Amino acid sequence: TLPANIRPKRLAFWQEDSEVGKSMYQYLLENLKKYPGYEVVLHEVYPPGATDYSSMILKTKDANPDVVFGVPTPSDAVTLIRQSKELGFKPKLWWFQRAPEPYQFWEMLGEDAEGVAQTVTGHPRLPIAKTMELTDRDKAATGKMPGTTLSEAYAMVQVLVAAIEKAGSIDTEKVREALCTLKVDTTIGPVEFNGPLWAKIKPKIMQWQNGVQEIVWPPELATANFEYPIP
């Protein structure tokens, strides 16, 4: 939805050497087929927990991507971004699943976390009564704003409770059968199951801006405008 003249075209993927890294890369490739005009200019596999990623970063710098995708842990993402800065590499956007979720991410990186984005299903600032109540309770207990995973984890419990109530039983097969056609309002919004494999959940995009996890998409839920390129 970005204007054509600034839309990113060149993508790099840093694949963590794990099942989650592999599946994320395959997911990216499958979805690129739906949207022509994008090019994966670099695909590198890296070992999680390493201390030196300079070789991969320099290869990426030479490939000159607009966006770097990955699914690193928070600690690996901190290392990757810090070493990229030291080597003079900064893409127009970091898109890291998983890493930016905890609020400690900004505490570890400071302004170098600016603009890091990811897709989420839940967010503590969603304008949903159930979500706002949960966020307020957690803030009162911890003194801090919760990350994005709190409402997602809470929604899992809400879904299971609703399935048990619909089934009228805790029998595994009966609960599973109830789940397959379940529709329920949760702390991440409406969740609707269509068979045993898929749940329909509206995705959101979160981006770190000035120390805050802002919602930047969809427009009706946005708390800030999307930063691209990263300032």
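Q: Leaving aside its neighbours within four places in sequence, which residues is Thr 131 in contact with?
A: Thr 131 is in contact with His 123, Pro 124, Leu 126, Ser 151, Thr 187 and Ile 188, once neighbours within four places in sequence are set aside. Keep in mind that this is a predicted model.

Q: And where is Thr 131 found?
A: Thr 131 is found in helix 5, which covers residues 129-142.

Q: Is Thr 131 buried or exposed?
A: Thr 131 is buried: its relative accessible area is 0%.

Q: How exposed are Arg 137 and Glu 133?
A: Arg 137 is partly exposed, with a relative accessible area of 46%. Glu 133 also counts as partly exposed, at 48% relative accessibility.

Q: How many salt bridges does the count come to?
A: The count comes to 10 salt bridges. Among them is the one between Glu 192 and Lys 183, at 3.9 Å from N to O. Glu 192 is partly exposed, at 31% relative accessible area, and Lys 183 is exposed, at 62%.

Q: Which residue does Glu 220 meet in a salt bridge?
A: Glu 220 meets Lys 202, and the N to O distance is 3.9 Å. Glu 220 lies in the segment after strand 10 (212-217), while Lys 202 lies in the loop between strand 8 (199-200) and strand 9 (204-209), so the pair ties together parts that are 18 residues apart in sequence. Glu 220 counts as exposed, at 55% relative accessibility, and Lys 202 is partly exposed, at 43% relative accessible area.

Q: New topic: how many aromatic pairs does the structure hold?
A: The structure holds 10 aromatic pairs. In one of them, the rings of Trp 14 and Trp 94 have their centres 5.6 Å apart and their planes at 50°, so the pair is tilted.

Q: Why does that pair tie together parts that are apart in sequence?
A: Trp 14 lies in strand 1 (residues 10-16) and Trp 94 in strand 4 (residues 93-96), so the pair ties together parts that are 80 residues apart in sequence. Trp 14 is buried, with a relative accessible area of 1%, and Trp 94 is buried too, at 3%.

Q: What about Trp 14 and Phe 96?
A: Trp 14 and Phe 96 also form a tilted aromatic pair, with 6.4 Å centre to centre and 35° between the planes. Here strand 1 is linked to strand 4 by residues 82 apart. Phe 96 is buried, at 1% relative accessible area.

Q: Which residues form one aromatic cluster?
A: Trp 14, Phe 89, Trp 94 and Phe 96 form one aromatic cluster.

Q: What sits over the ring of Tyr 38?
A: The charged end of Lys 9 does, 5.3 Å from the centre of the ring.

Q: Zooming out, how many helices and strands are there?
A: The protein has seven helices and 10 strands. Of its 231 residues, 43% count as buried.

Conventions. Residues numbered from 1 in each chain as written. Predicted model: local features only at pLDDT ≥ 70, side-chain atom pairs only at ≥ 80, totals over all residues. Heavy atoms only, no water. Phe/Tyr/Trp six-rings, centres within 6.5 Å; stacked < 30°, edge-to-face > 60°. Helix = DSSP H or I, 4+ residues; strand = E, 2+ residues; numbered from the N terminus. Buried < 20%, exposed > 50% of the residue type's maximum accessible area, 1.4 Å probe, protein only. Lys NZ or Arg CZ within 6 Å of the ring centre and 35° of its normal. Contact = heavy atoms within 4.5 Å. Salt bridge = Lys/Arg side-chain N within 4 Å of Asp/Glu carboxyl O.
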